[in-house]
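Here are my notes on the model you sent, as numbered points.

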Amino acid sequence: MADHAMATALVDSTSSGTVVSEAVLTQILAQLESLTISQQVLQAKLDNLTNPGARPTTAQITTPGTSASPVTTANGSFSSSYPGSPPAATTNFGLSPPASLLQRVPVPQDREKVLYPQRVILTTYPDQTGIRPVPLQWGAQDPKVRGPVVPSRLPASIKLRNAIGAHSGSYSIYRALAIALESDVDPGVELACSKAAVEPVWFLPGVAERFKISEGLLRRALFEDTGGMYPELITRPDIKVFLPPIGNLTVYIFGKPEYMSDPSKELTLRVHDECNGSDVFGSDICTCKPYLIFAIEECIRCAQRGGVGVVVYFRKEGRALGEVTKYLVYNLRKRGGDSADKYFKSTEMIAGVKDMRFQALMPDVLHWLGIQKIDNMISMSDMKYNAIVQSGIPILKRYDIPDHLIPPDSRVEIDAKIASGYFSSGKVITQEDLVKTVGRAWEETEH
């Protein structure tokens, strides 16, 4: 199983090999709580001495009953006592103190001291005192044996971290805003179908080995091209796990989930890359939405025949170039003559490349789900097909999108893709034919 870049689910218990016992951790947390209270008392006295005219605050000191420190459960797992924290189904470290405390701190600068009473810690190093990452047995099938992924930077857990990054990428940013603005945001979503939300987790030595480069080079490249966002990629070579900020993925399962790992059952699959303009708002410049709907219908038919259908929805907007770049390409196409022979060239002129989706890592989630073969692949992409087959999962049949589902303006996209090598069950298109396939011009569109 190609699981070096596998997506892992967080569990609500630490591994049996965790070196921190419950008693020791509880003692550490109690001492941290006492130190925090003492620091807040001293800070309040200092503020009164240096700024006697300032508006007094009445509750900058937490009490044991309202402490926002993480606590340990009977099995040694971490949980949070903070209001509005995510459900305890995951190993969770809260980020904010109790709402009752924040409500009594009206002055912005005082609020900042309560939220972040400790000094700023930019990075950590493996030889610092107390550094003891929670052990991980990467590749273990049992999540309890593998151990939890712990990227938390709270004072009580920063020295236990065994991963670089933050859970749920964008969630960490919006949660930071919610804390700073005292917003009570509920990220819960009601689900109408069976699905699994998965986050990517990279085991850096394994990823480097797969791409035949050194781990050091991989770390340096990730550090440099993320604007130095994660300095511990350089300073913490002992931490081998990285949570890349590339967006999560969602697996929609039609039929019984256990059928995914049963090779005797028929399996229909679509790997779909996000297209907000088409998937959500119905733009007809591409075939993303009609292809996705067609795939869902085929997945349902497969389940009705006694098999299982799977749609894996990746957040790779605009071929992983992003929505801003995609719309710049659209503008160039519509203002400069939208013909199939210029389709890929337009993207290259704006972004410098045709595609940034890096499909080599895409099949990992299929292996993680236990998929051993694919009977029906609802995709024309040669890159997706090659990545899946080369990872060891055979594909028995491929489907292209039926002609009657192709919007007129997206004929440019389809013909360009077929001519470049995308799968087609019948139509053959030459480079000479591409000039004849033309989309709507800017002047033909109502503005």
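1. Aromatic pairs. The count comes to 6 aromatic pairs, where rings of Phe, Tyr and Trp (its six-membered ring) pair if their centres lie within 6.5 Å, and planes under 30 degrees apart count as stacked, over 60 as edge-to-face and the rest as tilted. One of them joins tyrosine 230 and phenylalanine 242, which are edge-to-face at 5.3 Å centre to centre with 80° between the planes. This pair links distant parts of the chain, 12 residues apart: tyrosine 230 is in the loop between helix 7 and helix 8 (232-235), and phenylalanine 242 is in strand 6 (residues 241-243). Helices (H or I, at least four residues) and strands (E, at least two) are DSSP runs, numbered from the N terminus. Both tyrosine 230 and phenylalanine 242 are buried; buried means under 20% relative accessible area, exposed over 50%, and partly exposed in between (1.4 Å probe, protein chains only). Ring pairs also bring in Trp202, giving a cluster of Trp202, Tyr230 and Phe242.

2. Basis of the values. This is a predicted model, in which local features need pLDDT of at least 70 and side-chain atom pairs count only at pLDDT 80 or more, while totals for chains, interfaces and linings use all residues. Residues are numbered from 1 along each chain as its sequence is written, and side-chain values use heavy atoms, with hydrogens and water left out.

3. A second ring pair, and charges over rings. Tyrosine 343 and phenylalanine 344 have ring centres 4.9 Å apart and planes at 80°, so they are edge-to-face. Tyrosine 343 and phenylalanine 344 are both buried. The ring of phenylalanine 344 also has the charged end of lysine 354 over it, 5.2 Å from the ring centre. The criterion is NZ of Lys or CZ of Arg within 6 Å of the ring centre and within 35 degrees of the ring normal. Arginine 398 is placed likewise over the ring of tyrosine 385, with its charged end 4.1 Å from the centre.

4. On a 1 Å grid over the protein atoms alone, a cavity is a set of points where a 1.4 Å probe fits but cannot get out, and a pocket is an open set with protein on both sides within 12 Å along at least five of seven lines; lining residues have an atom within 4 Å of a point. Grid points are joined across faces, edges and corners, and a volume is the space filled by probe spheres set on the points. The largest cavity holds about 520 Å³. Its lining has 31 residues, with Cys288, Arg319, Arg357, Glu413 and Lys417 nearest the centre. Helix 11 gives the most to this lining, 5 residues. By class, the lining of the largest cavity has 12 nonpolar, 8 polar and 11 charged residues; Ala, Val, Leu, Ile, Met, Phe, Trp, Tyr, Cys and Pro count as nonpolar, Asp, Glu, Lys and Arg as charged, and the others, Gly among them, as polar.

5. Second largest cavity. This one contains about 30 Å³. Among the residues lining the second largest cavity are Tyr259, Asp262, Lys265 and Ile371. Its lining divides into 5 nonpolar, 1 polar and 3 charged residues.

6. Second largest pocket. The volume of the second largest pocket is about 1100 Å³. Of its 35 lining residues, Trp202, Pro244, Ile246, Phe358 and Leu361 lie nearest the centre. Helix 7 (215-225) and helix 13 (364-368) are the elements that give two or more residues to this lining, and helix 7 gives the most, with 5. The lining of the second largest pocket comprises 25 nonpolar, 4 polar and 6 charged residues.

7. Positive phi. Which phi does phenylalanine 358 have? Although not a glycine, phenylalanine 358 has a positive phi of about 50°. Phenylalanine 358 is in the loop between helix 12 and helix 13 and counts as exposed at 53% relative accessibility. Lysine 212, also not a glycine, has a positive phi of about 55°. Lysine 212 lies in the loop between helix 6 (204-210) and helix 7 and is exposed, with a relative accessible area of 74%.

8. A buried lysine. Lysine 334 belongs to helix 11 and is buried, at 13% relative accessible area. Its C-alpha atom is separated by 8.1 Å from that of glycine 439, 105 residues apart along the chain.
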